[in-house]
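The following report describes a single protein chain from its computed geometry. Please consult the sequence and the model alongside the text.

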Amino acid sequence: PFVVKYDADNLMGKQTEIILDDSYHFSTRKEFVNQDVLIEKFLVGEEFSYQVVCNGSSFVFLGISKDHKKYKDYNTCGIASTSDSVQQNIPEIDSYIQRILDFMLSNDIEYKGIMYLNIIKVGITYYVLEINTRFGEPETQSL
């Protein structure tokens, strides 16, 4: 299985399809005409948003929130969210964030502000699905 994301202006934004078999043909899909398409590996695991605030060279963990609305057993990208009262930072993700900040500083970019990573944990491995630098997403509201 794989995930296809495409811009579908007639559907008001980025659309996502999960393709479960090899019978899918891009050339016959009207959604893909003159559209940017992103193809991703299909992952099954626990998804959450990991939120920090950065001061340019380091960061402080703010918390974790999760999308709680499900559609056909798949995550719906933050339609609504929850946040546990007990919060604990994750050293593997902290290390990744610090590497991002160090890389930016090495390129004379001092990022100060909000950063949250959309993470999926598959087994014992954490995958970064996206990085955002705003609190405008629904999964940040519960925090």
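Along the sequence, the elements of the protein chain are ordered β-β-β-β-β-β-β-β-α-β-β-α. The chain thus contains two helices and 10 strands, where helices (H or I, at least four residues) and strands (E, at least two) are DSSP runs numbered from the N terminus. The model is predicted: local features need pLDDT of at least 70, side-chain atom pairs count only at pLDDT 80 or more, and totals for chains, interfaces and linings use all residues. Residues are numbered from 1 along each chain as its sequence is written, and side-chain values use heavy atoms, with hydrogens and water left out.

Of the 143 residues of the protein chain, 31% count as buried; buried means under 20% relative accessible area, exposed over 50%, and partly exposed in between (1.4 Å probe, protein chains only).

Helix α1 covers residues 91–106. Its 16 residues should span 22 Å at 1.5 Å a residue, and the end C-alpha atoms are 22 Å apart, in agreement with that value; the expected span is 1.5 Å times one less than the number of residues. The buried residues of α1 are Ile93, Asp94, Ile97, Ile100, Leu101 and Met104. Seen down the helix axis, the buried residues of α1 fall within an arc of 120 degrees, so they line one face; the arc is that of the directions from the axis to the C-beta atoms. The face turned away from this buried side carries the exposed residues Pro91, Arg99, Phe103 and Ser106.

Asp108 is exposed, with a relative accessible area of 75%. Although Asp108 is not a glycine, its phi is positive. A positive phi also occurs at Gly123, in the turn of the hairpin formed by β9 and β10.

| Residue | Location | Phi |
|---|---|---|
| Gly123 | turn of the β9 and β10 hairpin | about 65 degrees |

Two residues separate β9 and β10 in this hairpin. Strand β9 (residues 112–122) runs antiparallel to β10 (residues 125–132), and seven bridges join them; two strands pair if DSSP finds at least two bridges between them. Within this pairing, Tyr116 stands opposite Asn132 in β10.

Elsewhere, Val53 is found in strand β4 (residues 46–55). At 32% relative accessibility, Val53 counts as partly exposed.
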